[in-house]
Amino acid sequence: MNQYQKVNLDRAWKFKTGDNLKYSAPDFNDSDWEEINVNQTWNKQGYKKYEGFAWYRIHVVIPASLKKNPSPNDSLIFNLGKIDDFNQFFLNGQLVGENLNNTTADKKVTDDFKNLKESYWDVPRRYSLSIDNPLIKWDKENVIAVRVFDWGVAGGIYSGGLNITTPKFSDYLKIIPAKDGAENIRKVSLQNISKSYEIKGDFTIEVLNNISDRKSYERKFHVKMNPGESKSFSFRFEKPHQSTTIKYMFDFDGENYSSTLSEGVKYILTPPEKEAPQINGALIYGERPGKPLLYKIAASGKRPMKFFAEGLPKGLALDPEKGIISGRVERKGNYNVLLKAENDSGFDSKTLEIVIGDKLLLTPPMGWNSWNCWGLSVSQQKVYDAAKSFVESGLANHGWTYINVDDGWSIFGKSKERKRKPNGEIRTNEKFPDMKKLGKDIHALGLKFGIYSSPGPLTCGKYTASYKHEFQDAKTFAKWGIDYLKYDLCTYRKLMKDVHSVKELVPPYKLMHKALTNNLNRDIAYSICEYGLGKVWEWGEKVGGQLWRTTGDIWDDWDRMYEIGFGNVEAAEFSGPGHWNDPDMLIVGWVGWGPNLHETRLTPDEQYTHVSLWALRSAPLLLGNDLTKLDEFTLNLITNDEVIAIDQDKLGHEATPVIKKDSIEVWMKNLSDGNKAVGIFNVSAENRNFTLPLADLGFKDSVLIRDVWREKNIGKFERNYKTGIASHGVQLIKIFTGK
Ligand code: GAL
């Protein structure tokens, strides 16, 4: 067999900021350009705050010996790595590709490639050219030019792994599991996308239980596919109640490589909701004296349901049909109110502690924020639809309360429209015709209403923000009925000398806090968002924050969720009732940051890990998914009342890791009832067995262990507790200390 060759492009490229189409020309003299590496963004290589256009160029000899690579060798593949955000690719002066695709030969070079709503920043760029394309100069110097446009934060070619190569059969085989099959009947299709090669090999489908290691399905087919041909296969297996993976493997005849794809199967752990009432959610609630209070009793169970509240302090009243308590309490104090819910299947009661004092958000906020699904395409209708879904899907019966608009509601900075009214009041854009009505509509459902702004002149999405209008905006927010403000650093960064400087970070946040507490007719919870700069957890409470982001943005990818979820342990001691660390929003369900949504790329196991970890860390639980598209799995994942109760526990302790060994992390949280919530996480790529050393963790006697997701006691254990955990999965348990 011939030697398989590649041309490595992980070398220094030439780099220039700005834009000029002449830079694509092969004879353009780039000798005075700076050099840059392609394994990190330009921001980390001396262009810290640069955004906009920039060009990368490299001169490279393409050896004719590449043509002798083993079959398939009908084309050249240019792997150009991940590019943040948009790009065009030129070979010897000719446009060959744009963003994710090859362009046609007659495509004109315009700026349209950058005018898209969704960024492609985390997708590897891969272009191909037929081996006989005259554009390729064999054994001679070729010039590759990449025109990049970055719309903010970080930019450029950054992943490394750039090369020129020939394809493998695996490049021409697509394995496509059908998305819409029933839970236990699956379809998968194979597609040969090559124009000239037949594909032959063994295709194996396996369904594997990750806990017992048992295969519940296995079949092998010998497959032969002509160029362009597709084949589909359907198979059936029992609906799983444990972590389960489907593995698809294609072994190409005569080759020493294969194609594989794994797919996590959704499995449901939370038992179905009972018909009898069950009161859920936070059982402590804080408001300041004289400010409007709104508390919807979260109770699951069959409707109609009737509600009672005994011992309400003066100024509050209950709507017995809707279960909404509202009014104002003038006197400071702790008031114990006995809540009752009744329907024709039964009855439940619990005590709610209403604390009229200085503190808000005595438990982490639970709600929804528009960013992770709608991005800048958010609208009043979409926000109201989310609020309605909270009630209609039953989410509100489990404590989900806040409906928060993120970026994109004010006037776009570059628009010709007036950003503010003549009196300076901030205006909404056409997608939000009536913010006050939206507030009223949300409150009428018993839910709370949040908004977003920045201390800078513009938000991160470049919409009008609060710089020099802080007091006026706070008043306007109060007028609109806002209960929660997320205040995002964004363009204020440009007004700072050093974004890490606490001295510079504190004033803008303090100023808005002053505005929010300056004789407004309502309480507005204050969510600080500056990505953890200057260790915000050390001073966030002092500047009036009820919560603060501890990290940059999350997205639906295991590595990112892992980094954020298991990181920043040092912040834990600063979290507590009324002041929470915020590791960013949840990424379950349908997400997408723009008009086009996709199902989260976290596997079911990763989603159980995500929600368990956020609950253990007393994190704000802010959904970011399209609530009109909730499937059974997602709904089940976010309505487990025992998991939610861990998050909403009134002690407000944030879990920390007590064991980190062989890729198992054990996180433990103290609960107000004296018991412990413990998450055993397997962060490795393999399924694992693990023995929890109870005695080493301080449990001297035998303890009762409960499986929190299944809401079921497992049994009594002494010294050790043995369990199996799927790769990237979790077992969330409650340990009853018996004290
Ligand atoms: C980011 C912030 C995101 C989102 C976005 C809006 O800075 O971290 O959560 O609010 O801005 O543009």
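## Two helices side by side

Contact here means heavy atoms within 4.5 Å. In this predicted model, helix α3 and helix α4 make such a contact: Gln380, Val383, Tyr384 and Ala387 in α3 meet Met435, Leu438, Asp441 and Ile442 in α4. The contact is made up of six nonpolar residues, one polar residue and one charged residue.

Two packed helices are described by the angle between their axes and the distance between the axes. Helix α3 spans residues 380–392 and helix α4 spans residues 435–444. Their axes lie 10 Å apart, at an angle of about 5°. Angles under 35 degrees count as roughly parallel. The two helices, α3 and α4, are therefore roughly parallel to each other.

## Domains

The protein chain is divided into domain 1 (7–167), domain 2 (170–265), domain 3 (278–356), domain 4 (379–654) and domain 5 (657–736). Between domain 4 and domain 5, the C-alpha centres are 31 Å apart. Domain 4 puts 28 residues into the contact, and domain 5 puts in 23 residues.

## The largest cavity

Rolling a probe the size of a water molecule over the atoms shows where empty space is left. The count comes to five cavities of 30 Å³ or more. The largest cavity has a volume of about 440 Å³.

Which residues lie nearest the centre of the largest cavity? They are Tyr285, Tyr295, Thr401, Tyr402 and Lys448, out of 32 lining residues. Strands β21 (284–287) and β22 (293–296) are the elements that give two or more residues to this lining. Strand β21 gives the most, with four residues. By residue class, the lining of the largest cavity holds 18 nonpolar, eight polar and six charged residues.

Where does the largest cavity lie? Domain 3 (278–356) and domain 4 (379–654) both give residues to its lining, so the largest cavity lies between them.

## The second largest pocket

The second largest pocket has a volume of about 1400 Å³. Its lining takes in 41 residues. Lys179, Ser262, Glu263, Gly264 and Thr603 lie nearest the centre of this pocket.

Five elements each supply at least two residues of the lining: β18 (244–252), β19 (258–265), β37 (598–599), α8 (604–616) and α9 (632–637). Strand β19 gives the most to the lining of the second largest pocket, with five residues. The lining of this pocket divides into 14 nonpolar, 13 polar and 14 charged residues.

## Backbone details to check

Two peptide bonds deserve a look in the viewer. The bond from Asp84 to Asp85 is cis, with omega near 5°. Asp85 sits in the loop between β5 (75–84) and β6 (86–91). The bond from Arg303 to Pro304 is also cis, with omega near 0°. Pro304 is in the loop between β23 (299–300) and β24 (306–310).

Tyr531 is not a glycine, yet Tyr531 has a positive phi of about 65°. Tyr531 is placed in the loop between β33 (525–529) and β34 (547–549).

Terms used:
Residues are numbered from 1 along each chain as its sequence is written. This is a predicted model: local features need pLDDT of at least 70, side-chain atom pairs count only at pLDDT 80 or more; totals for chains, interfaces and linings use all residues. Side-chain values use heavy atoms; hydrogens and water are left out. Axes are lines fitted to C-alpha atoms, for helices over the stretch in contact, and angles run from 0 to 180 degrees between N-to-C directions. Angles under 35 degrees count as roughly parallel, over 145 as roughly antiparallel, 65 to 115 as roughly perpendicular and the rest as oblique. Ala, Val, Leu, Ile, Met, Phe, Trp, Tyr, Cys and Pro count as nonpolar, Asp, Glu, Lys and Arg as charged, and the others, Gly among them, as polar. On a 1 Å grid over the protein atoms alone, a cavity is a set of points where a 1.4 Å probe fits but cannot get out, and a pocket is an open set with protein on both sides within 12 Å along at least five of seven lines; lining residues have an atom within 4 Å of a point. Grid points are joined across faces, edges and corners, and a volume is the space filled by probe spheres set on the points. Domain bounds come from an automatic or database domain assignment.
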